[in-house]
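Let's walk through a chain together, one question at a time. Keep the picture open as you read.

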Amino acid sequence: RKELESWLRSRSVDRGLAEPARIVLMIGEGMSVTEISARLQVSRPTVYKWQQRYEQEGVDGLHDHPRSGRPTKLTEAKKV
């Protein structure tokens with residue numbers, strides 16, 4: 001709990017970690033999946049996904065997993 005709360009206070013933590021941290025903390029406070037999805041404006045499957053990953057992997061499960069597919073390639077022309 002302390003680690004997740006520190007993520008929310010930190011400005012250096014990736015935004016992608018803040019949402020899962022909020023979801024897990026709200027679940028810990030006893031909020032329902034429907035309440036959490038409405039309050040954070042995310043889908044119920046998103047809430048279930050982060051709940052399940054936290055239960056299975058702990059805090060490490062809240063980091064995004066690598067995605068399948070070919071990675072994008074940026075050329076110098078596209079960067080500018």
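A crossing of two helices is right-handed if the near helix is turned clockwise from the far one by less than a right angle, and left-handed if anticlockwise. Everything here comes from a predicted model, where local features need pLDDT of at least 70 and side-chain atom pairs need 80 or more, while totals for chains, interfaces and linings use all residues. Residues are numbered from 1 along each chain as its sequence is written, and side-chain values use heavy atoms, leaving out hydrogens and water.

Q: How many helices does the chain have?
A: Helices (H or I, at least four residues) and strands (E, at least two) are DSSP runs, numbered from the N terminus. Reading along the sequence gives the pattern α-α-α-α-α. There are 0 strands here, and the number of helices is 5.

Q: Which element has the highest mean pLDDT?
A: pLDDT is the predictor's confidence in each residue, from 0 to 100. The chain averages 78, with 66% of the residues at 70 or above. Helix H5 (residues 76-79) has the lowest mean of the elements, 56, and the highest, 93, belongs to H3.

Q: Are H3 and H4 roughly parallel or roughly perpendicular?
A: Take H3 (residues 33-40) and H4 (residues 44-57): their axes, lines fitted to C-alpha atoms over the stretch in contact, are 9 Å apart. The angle, on a scale from 0 to 180 degrees between N-to-C directions, is about 115°. Under 35 degrees counts as roughly parallel, over 145 as roughly antiparallel, 65 to 115 as roughly perpendicular and the rest as oblique. H3 and H4 are therefore roughly perpendicular.

Q: Is the crossing of H3 and H4 left-handed or right-handed?
A: On the H3 side, Val33, Thr34, Ile36 and Ser37 take part, and they meet Arg44, Val47, Tyr48 and Gln51 in H4. The crossing of these two helices is right-handed.

Q: Is serine 37 buried or exposed?
A: You'll find serine 37 in helix H3. Skipping residues up to four places away in sequence, serine 37 touches (heavy atoms within 4.5 Å) Val42, Ser43, Arg44 and Val47. Buried means under 20% relative accessible area, exposed over 50%, and partly exposed in between (1.4 Å probe, protein chains only). Serine 37 has 9%, so the label is buried.

Q: What is the phi of glutamine 41?
A: Look in the loop between H3 and H4, where glutamine 41 sits. Glutamine 41 is exposed, with a relative accessible area of 73%. Its phi is positive even though the residue is not glycine, and the value is near 55°.

Q: What separates the C-alpha atoms of glutamate 19 and valine 47?
A: Glutamate 19 belongs to helix H2 (residues 15-28) and is partly exposed, at 32% relative accessible area. Leaving out residues up to four places away in sequence, glutamate 19 touches Val42, Thr46 and Trp50. Along the chain, glutamate 19 and valine 47 are 28 residues apart, but their C-alpha atoms are separated by 9.6 Å.

Q: What percentage of the residues of the chain count as buried?
A: Among contacts between residues at least 6 apart in sequence, 33% join residues at least 24 apart. Of the 80 residues of the chain, the buried share is 25%.
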